[in-house]
Amino acid sequence: MMLVNTGLFFFFVGNSDAGTENVFWIILLLIFEWQTSRIDKPNINRLEKYIIRALTLVCYVVILLSAIHYSGARYISEWGSLDAWTAWTWLIVIAAIEYDIYVPGLYSRTEWIIRNGLKFGLYSALIVYIFLWINMERWIDAWDAFLWILCFFSIEMNIFAHEDELPYAEENKEPNATATKHST
């Protein structure tokens, strides 16, 4: 579905930059899907780890450069600022997902509430952007945003499934302290 969406940008919108950016987003999405589906699995071998990190870095560079491009005065004067807002919102979403991947289950309950509250706010903003695009009659942009939210929903479900299996960090400390007291 996302490849069809990318084709829309290449062929119907005539924006090869957006199409190219979408290709890197798809690569990043596949990396996230793979990483979040195996959060509780042992580390991969060194070569795979370096390949994943290199691909992720290239994706981030392209995505960051696109966000900077969308934030430029020339782009905003022609297209408005909604693309820039969307790009930066997605960058914060992927930073939060990176945190989930590299610090799985090592956070306190308060941190979990703040992190998920932030994500809820970010995804809510992305949904508002869909309605703004619809209002502006930018149908392909609205459709694109909707598809990306659905795709990232599957990644979030992988993270939530993993979190469901782990107790909070502070809850881990109490049973061990109690067990130590009873064993002496």
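**Nonpolar patch, helices and salt bridges**

Reply: Helix α3 (residues 46-70) gives the nonpolar patch its largest share, five residues, where helices (H or I, at least four residues) and strands (E, at least two) are DSSP runs numbered from the N terminus. This is a predicted model, in which local features need pLDDT of at least 70 and side-chain atom pairs count only at pLDDT 80 or more, while totals for chains, interfaces and linings use all residues. Residues are numbered from 1 along each chain as its sequence is written, and side-chain values use heavy atoms, with hydrogens and water left out.

Me: Which residues make the nonpolar surface patch?

Reply: The patch is made by Leu 57, Val 61, Leu 64, Leu 65, Ile 68 and Trp 88, and covers about 550 Å². Patch residues have over 30% relative accessible area and no salt bridge, with like charges joined within 9 Å and nonpolar side chains (Val, Leu, Ile, Met, Phe, Trp, Tyr) within 5 Å. The accessible areas come from the Shrake-Rupley method with a 1.4 Å probe, and for residues only the protein chains shown count as cover.

Me: And Leu 65, is that buried or exposed?

Reply: Leu 65, which is found in helix α3, is exposed, with a relative accessible area of 52%. Buried means under 20% relative accessible area, exposed over 50%, and partly exposed in between (1.4 Å probe, protein chains only).

Me: Stepping back, how many helices and strands does the chain have?

Reply: The chain has eight helices and zero strands, and 39% of its 184 residues count as buried.

Me: At what angle do α3 and α5 cross?

Reply: The axes of α3 and α5 cross at roughly 155 degrees and come within 8 Å, the axes being lines fitted to C-alpha atoms, for helices over the stretch in contact, with angles from 0 to 180 degrees between N-to-C directions. That makes α3 roughly antiparallel to α5, since angles under 35 degrees count as roughly parallel, over 145 as roughly antiparallel, 65 to 115 as roughly perpendicular and the rest as oblique. The crossing of α3 and α5 is left-handed, a term used if the near helix is turned anticlockwise from the far one by less than a right angle, with right-handed used if clockwise.

Me: How far apart are the axes of α5 and α6?

Reply: The axes of α5 and α6 are 10 Å apart, and the two helices pack at an angle of about 155 degrees. That makes α5 roughly antiparallel to α6, and the crossing of α5 and α6 is left-handed.

Me: Changing topic, how many salt bridges are there?

Reply: The count comes to five salt bridges, each being a side-chain nitrogen of Lys or Arg within 4 Å of a carboxyl oxygen of Asp or Glu. One of them joins Asp 83 to Arg 138, with the closest N and O atoms 3.0 Å apart. Asp 83 lies in helix α5 (residues 82-102) and Arg 138 in the loop between α6 (109-135) and α7 (139-165), so this pair ties together parts that are 55 residues apart in sequence. Asp 83 and Arg 138 are both buried.

Me: What does Asp 100 pair with?

Reply: Asp 100 meets Arg 115 in a salt bridge (2.6 Å, N to O). Arg 115 lies in helix α6 and Asp 100 in helix α5, so that pair ties together parts that are 15 residues apart in sequence. Asp 100 also forms a salt bridge with Lys 119, where the closest N and O atoms are 2.2 Å apart. Arg 115 and Asp 100 are buried, and Lys 119 is buried too.

Me: Which residues are linked in a network of salt bridges?

Reply: The network links Asp 100, Arg 115, Lys 119 and Glu 156.
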